[in-house]
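Please look over the structure below together with these notes, which are written as numbered points for someone new to reading protein models.

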Amino acid sequence: MKDESQRLNVLPSGRDLRLPWHLRLPAPLERDFAEFFRNSVAKVAPWAALNVVVLLVLALALELYISPEVAARTWRPRLLCAMLAVATILVARHAEWRRWLHSASLALAFSVALTGDWIGMRVDHPLAFSLFLQTSLAILLMSVLLRVPFYWAVTGSLAMIAALAASLHNSPHIDHQLALVLLLLSLASASMSLFGQYIYERLLRQHFLSENVLFQHRDELHSANRVLESQATVDGLTGCLNRRGMESRLNELLHGFGRGGTGERASVLLFDIDFFKQYNDTYGHQAGDECLKTVASIPRALTQGDKDFVARYGGEEFMVVLANTSLKDALVFAERLRTRIEQLGLPHAGSRVSQVVTISIGVVCASERVSDAPGLIKCADEALYQAKGAGRNRVAYMSDQGRVAML
Ligand SMILES: Nc1nc2c(ncn2[C@@H]2O[C@H](COP(=O)(O)OP(=O)(O)OP(=O)(O)O)[C@@H](O)[C@H]2O)c(=O)[nH]1
């Protein structure tokens with residue numbers, strides 16, 4: 001019972017939206033998410049990188065304030081950071097380079113952190129230790145502004161704090177107590193930013209999953225609609241258009257032909273299998289179905305234009321519409337169709353006109369006189385009726401003047 005309901009419920013449900021605590025999604029979704037994430041990061045990366053440049057300029061101003069000598073010694077690492085920030089902007093701008101975006105962001109964050117540590121070790125000034133706090137700043141930049149994926153951010157933060165600890169250990173100006181305070185401060189800001197990063201990425205993944213499920217719903221609905229649409233316009237037995245499909249295609253094709261509309265001249269052929277009732281009576285209804293399928297396959301194979309089509313008009317009555325075709329050409333087509341079906345040689349013992357299955361055809365071409373679908377069908381029907389009356393297995397047509405004649 002449960003299996004049955006699962007089978008019927010092909011659309012994803014709310015349960016598919018649940019996200020595990022570790023945030024990882026199944027492999028194909030994870031790949032799509034990575035792409036989605038990079039694109040979302042790309043939107044903020046230029047601003048984040050610009051932010052870095054502004055911070056570097058402010059840091060330079062601070063150094064100049066401390067001593068121009070300090071600034072003179074630190075321009076190289078600052079320049080490297082600025083260059084990396086600009087590189088990050090460039091990477092974010094090109095879709096094909098974006099897969100390097102997170103690596104570029106991490107490189108930038110490391111440079112910011114290491115620059116601070118490096119300068120801090122060399123500046124002999126009580127304010128020097130503030131430069132060590134760039135590790136915390138870099139972690140914040142990386143996690144919040146540059147949006148490095150959570151697991152990368154955790155690894156990157158640990159590496160930066162380890163680098164900070166090593167720098168502090170080697171710095172002659174900073175005593176152990178101050179070093180511990182700096183480390184704890186960095187750890188505290190790193191945990192805060194990582195927590196924020198975790199929440200942010202969770203929300204982003206949730207949003208991505210919801211969108212994904214919505215898209216799946218939309219695709220399922222589209223394909224269901226396509227199936228329904230084709231079921232509504234195609235005849236199940238012969239695969240031709242049904243009457244509804246025929247009417248809409250014919251109206252679309254003619255659309256105001258002869259009255260300044262966008263439609264074009266078309267010829268309509270209506271044909272009917274001769275003595276089909278007797279065929280059914282002689283060979284049975286199932287054989288009758290097979291006969292209908294075989295007969296329908298001939299005009300379908302003969303029509304070539306994109307806009308031409310074959311429709312099952314009624315039980316054993318079919319319609320062929322030839323777009324942009326004159327009456328003369330339509331009559332050539334009709335005669336070829338009649339001959340091909342006769343040449344199939346399907347035995348028809350009940351027929352009074354032949355030993356094999358034959359058809360009668362009525363043809364009309366759109367003109368100033370008749371240019372709409374109902375008018376053309378009526379004329380083709382009238383010609384078909386006369387073809388039957390004249391002995392069947394023949395083509396009759398209605399001229400532009402409205403007279404029916406035999407081919
Ligand atoms: N096997 C089968 N027979 C069908 C189908 N649809 C309609 N028919 C049969 O087609 C026959 C049509 O009979 P009529 O309208 O008298 O036409 P006819 O016997 O071909 O006579 P004429 O058109 O005057 O030559 C009927 O016996 C219907 O039962 C179908 O899908 N399958």
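1. The largest nonpolar core has 56 residues, where a nonpolar core is a set of buried Ala, Val, Leu, Ile, Met, Phe, Trp, Tyr and Cys residues joined through C-beta atoms within 7 Å. A residue is called buried if 20 or more other C-beta atoms lie within 10 Å of its own, exposed if 12 or fewer, and partly exposed in between, with C-beta atoms placed from the backbone. Leu 269, Val 363, Val 364, Ala 380 and Ala 383 have the most contacts inside this core, and helix H13 (residues 373-389) gives the most to it, with eight residues. Apart from this core lies another, of 40 residues, among them Ala 113, Ala 138, Leu 146 and Ile 174.

2. This is a predicted model, in which local features need pLDDT of at least 70 and side-chain atom pairs count only at pLDDT 80 or more, while totals for chains, interfaces and linings use all residues. Residues are numbered from 1 along each chain as its sequence is written.

3. Ala 383 touches Gly 362, Val 363, Val 364, Ala 396, Tyr 397, Met 398 and Val 404, not counting residues up to four places away in sequence; two residues are in contact if their C-beta atoms, placed from the backbone, lie within 7 Å. In the chain, 65% of the contacts with a separation of 6 or more are between residues 24 or more positions apart.

4. The chain has 13 helices and six strands, which are DSSP runs (helices H or I, at least four residues; strands E, at least two) numbered from the N terminus. Buried residues make up 35% of its 407 residues.

5. S2 pairs with strand S3 (residues 317-323) in the antiparallel sense over four bridges, pairing being defined as at least two bridges found by DSSP. Val 310 has Val 320 as its bridge partner in S3, and a hairpin of four residues joins S2 to S3.

6. The UniProt annotation "transmembrane region", from an unreviewed entry, covers residues 44-66, 78-95, 101-120, 150-168 and 180-200; UniProt positions are given in the numbering used here, feature names are shortened, and annotations may be inferred rather than shown by experiment. In the model, residues 78-95 are 89% helix and 0% strand, with end C-alpha atoms 28 Å apart, and residues 150-168 are 100% helix and 0% strand, with end C-alpha atoms 27 Å apart.
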